[in-house]
Amino acid sequence: MARLWQAPQLLLVILVALMALTYQEKRKTFLSVREVPASEPYVTATMQYVINDFNKKSNDKYNFRIVRVLKAEKRITDHMEYHVNMEMRRTTCQKLETSNCSFQEGELYKQIECFYSVFVVPWFEKYKILNKNCTDG
């Protein structure tokens, strides 16, 4: 008699667990959202990826370099995302040059402000730009 009563209880527990997992899967709940310093190692690596990607895809003859990070935010769900606002300026280095790059002055001076949202798995050095928006400063 006791076994007969246990089967519906077991089915009910399984049903509730499946409903809870399905509900949680549909929601993208951030476990943690916080502002982080730009000097944090994973932020630094992410910023290096962002600037390399920007310079590679840019039609500008010169490379850009980050002047300052205005805000960096880390979001954690089932993965990690960095949301970063920064200022970048055109340098004197052309596309293939990467060292000793000072900022352009005078007629070639150009500063832009960018927002990037980047999917990050830093321990595997995996990055994917989810969103970017740059405007002239």
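Contact means heavy atoms within 4.5 Å. This is a predicted model: local features need pLDDT of at least 70, side-chain atom pairs count only at pLDDT 80 or more, and totals for chains, interfaces and linings use all residues. Residues are numbered from 1 along each chain as its sequence is written, and side-chain values use heavy atoms, without hydrogens and water.

**Exercise 1.** Find which residues Ser32 touches, leaving out those up to four places away in sequence.

Solution. 
- Locate Ser32: strand β1, residues 32-35. Strands are DSSP runs of E, at least two residues, numbered from the N terminus.
- List the partners: Lys74, Arg75 and Ile76.
- Classify Ser32: partly exposed, because its relative accessibility is 23%. Buried means under 20% relative accessible area, exposed over 50%, partly exposed in between (1.4 Å probe, protein chains only).

**Exercise 2.** Find the disulfides and assign their handedness.

Solution. 
- Search the whole structure: two disulfides turn up. The criterion is a pair of cysteine sulfur atoms within 2.5 Å.
- Take Cys93 and Cys101: S to S is 1.9 Å. The S-S torsion is about -105 degrees, so this disulfide is left-handed.
- Take Cys114 and Cys134: the sulfur atoms are 2.0 Å apart. Here the torsion is about 115 degrees, so the disulfide is right-handed.
- Compare burial: Cys114 is buried at 1%, whereas Cys134 is partly exposed at 30%.

Note on methods. Helices (H or I, at least four residues) and strands (E, at least two) are DSSP runs, numbered from the N terminus.
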